[in-house]
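Colleague: Before I use this model, I would like to go through the labels attached to it. Please set each one against its definition.

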Amino acid sequence: MENLVLNDVWGLEIAIEMTFLAIASFSIVLAYLSYLEGRIRDALIGGIVATVLPILSLIILNLHLLKPEAAYLVFTSFQPRSWMPWGATGITLLIVSSALFTLLAKYGRQGLIVNLVGVIASLIGILVALYTGLVLAYERGIPFWHSAIVPIISLLMGIIGGASVYTIIRPSDTRITLTLGVTLLLLLVAYIAHIHLALIGPRAASYSAQVALENPLFIIGALLALIGGAIGLTTLKIKTQYIAVVLAATGLIAILLLRVVLLTSGAWELPII
């Protein structure tokens with residue numbers, strides 16, 4: 001398989017960037033839901049997380065592009081057919097809308113404006129979670145990424161990221177811990193389905209799937225997702241802060257490791273001359 005070349009461009013730093021976005025994406029959703037329940041403190045924490053982490057993501061992305069002018073061109077030379085400028089715009093809008101929502105919630109604003117901003121920020125958050133999968137799924141040159149399941153995986157990772165943050169904030173809220181546990185199990189199922197389809201797919205996709213299965217990070221990430229899912233289900237009967245923290249840490253580490261495997265296992269098939 002001399003003509004199959006693994007991706008060495010998007011690695012750990014992009015996995016961290018995408019994980020930050022995953023955490024932020026549904027932190028703002030849960031922040032708005034917390035605001036609707038009158039939990040202002042929880043809403044403020046989620047809003048801050050959804051503001052700060054995307055900023056860090058843009059910094060990582062800028063450093064990864066090596067030159068500041070390259071990041072500048074992503075915005076100024078907007079290419080509608082590329083998901084990169086759409087993503088950069090979405091991340092920027094997430095920062096702005098999350099910051100505005102946080103300020104409105106902080107200073108006790110109520111009524112139509114804060115609810116409108118909360119809804120808009122939440123929708124942007126969901127779209128940003130999907131973006132981290134769409135930017136890969138539309139990469140036709142790497143068959144392992146070019147799959148309709150990848151955006152679903154990214155959406156599930158977003159839910160896990162936000163739910164992990166709120167599991168730490170509200171460890172006794174079984175709605176959140178149960179959601180986190182169930183979503184971790186769904187992520188594991190979706191990820192395994194993705195690898196299975198890749199194994200029976202094109203030559204490059206099959207090769208990538210084999211590389212992923214042999215990667216120790218996949219085994220660790222899959223086990224953490226399984227363990228986290230089981231822990232999440234047990235929180236219906238067992239409610240302690242320590243279990244909640246372990247559950248949250250398990251979820252965050254699992255999505256980071258599985259994203260690293262997804263990125264680093266992608267392979268191009270070079271033409272044989």
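Colleague: Where is Thr19 placed, and why is Thr19 called buried?
Modeller: Thr19 is in helix α1, where a helix is a DSSP run of H or I with at least four residues, a strand is a run of E with at least two, and numbering starts at the N terminus. Buried means under 20% relative accessible area, exposed means over 50%, and partly exposed is in between, with a 1.4 Å probe and protein chains only. Thr19 has 7% relative accessibility, so Thr19 counts as buried.

Colleague: What is Thr19 in contact with?
Modeller: Ile255, Leu256 and Arg259, leaving aside neighbours within four places in sequence. Contact means heavy atoms within 4.5 Å.

Colleague: What kind of model is this, and how are residues numbered?
Modeller: This is a predicted model, in which local features need pLDDT of at least 70, side-chain atom pairs count only at pLDDT 80 or more, and totals for chains, interfaces and linings use all residues. Residues are numbered from 1 along each chain as its sequence is written, and side-chain values use heavy atoms, with hydrogens and water left out.

Colleague: Why are α1 and α10 called oblique to each other?
Modeller: α1 and helix α10 (residues 241-264) pack at an angle of about 135°, with axes 9 Å apart. The axes are lines fitted to C-alpha atoms, for helices over the stretch in contact, and angles run from 0 to 180 degrees between N-to-C directions. Under 35 degrees counts as roughly parallel, over 145 as roughly antiparallel, 65 to 115 as roughly perpendicular, and the rest as oblique. α1 and α10 are therefore oblique.

Colleague: Which residues of α1 and α10 meet?
Modeller: Among them are Leu12, Ile16 and Thr19 in α1 and Leu252, Arg259 and Leu263 in α10. By class, this contact has 12 nonpolar, 1 polar and 1 charged residues. Ala, Val, Leu, Ile, Met, Phe, Trp, Tyr, Cys and Pro count as nonpolar, Asp, Glu, Lys and Arg as charged, and the others, Gly among them, as polar.

Colleague: What makes α1 and α5 roughly antiparallel?
Modeller: Helix α1 (residues 12-36) and helix α5 (residues 112-137) pack at about 155°. That angle puts the pair in the roughly antiparallel class, which is why α1 and α5 carry that label. The contact of α1 with α5 has 17 nonpolar, 6 polar and no charged residues.

Colleague: Which residues touch the most other members of the largest nonpolar core?
Modeller: Phe101 and Leu136, in a core of 75 residues. A nonpolar core is a set of buried Ala, Val, Leu, Ile, Met, Phe, Trp, Tyr and Cys residues joined through side-chain atoms within 4.5 Å. The element that gives the most to this core is α1, with 13 residues. Leu136 touches several residues beyond four places away in sequence, including Trp10, Met18, Trp145 and Leu263.

Colleague: Is Tyr191 buried or exposed?
Modeller: Tyr191 has a relative accessible area of 1%, so Tyr191 is buried. Tyr191 lies in helix α7 (residues 174-199). Beyond its neighbours within four places in sequence, Tyr191 is in contact with Ile153, Phe218, Leu258, Val261 and Leu262. Tyr191 and Phe218 are 27 residues apart in sequence and 10.0 Å apart in space, C-alpha to C-alpha.

Colleague: How many helices and strands does the protein chain have?
Modeller: The protein chain has 10 helices and 2 strands. Of its 273 residues, 52% are buried.
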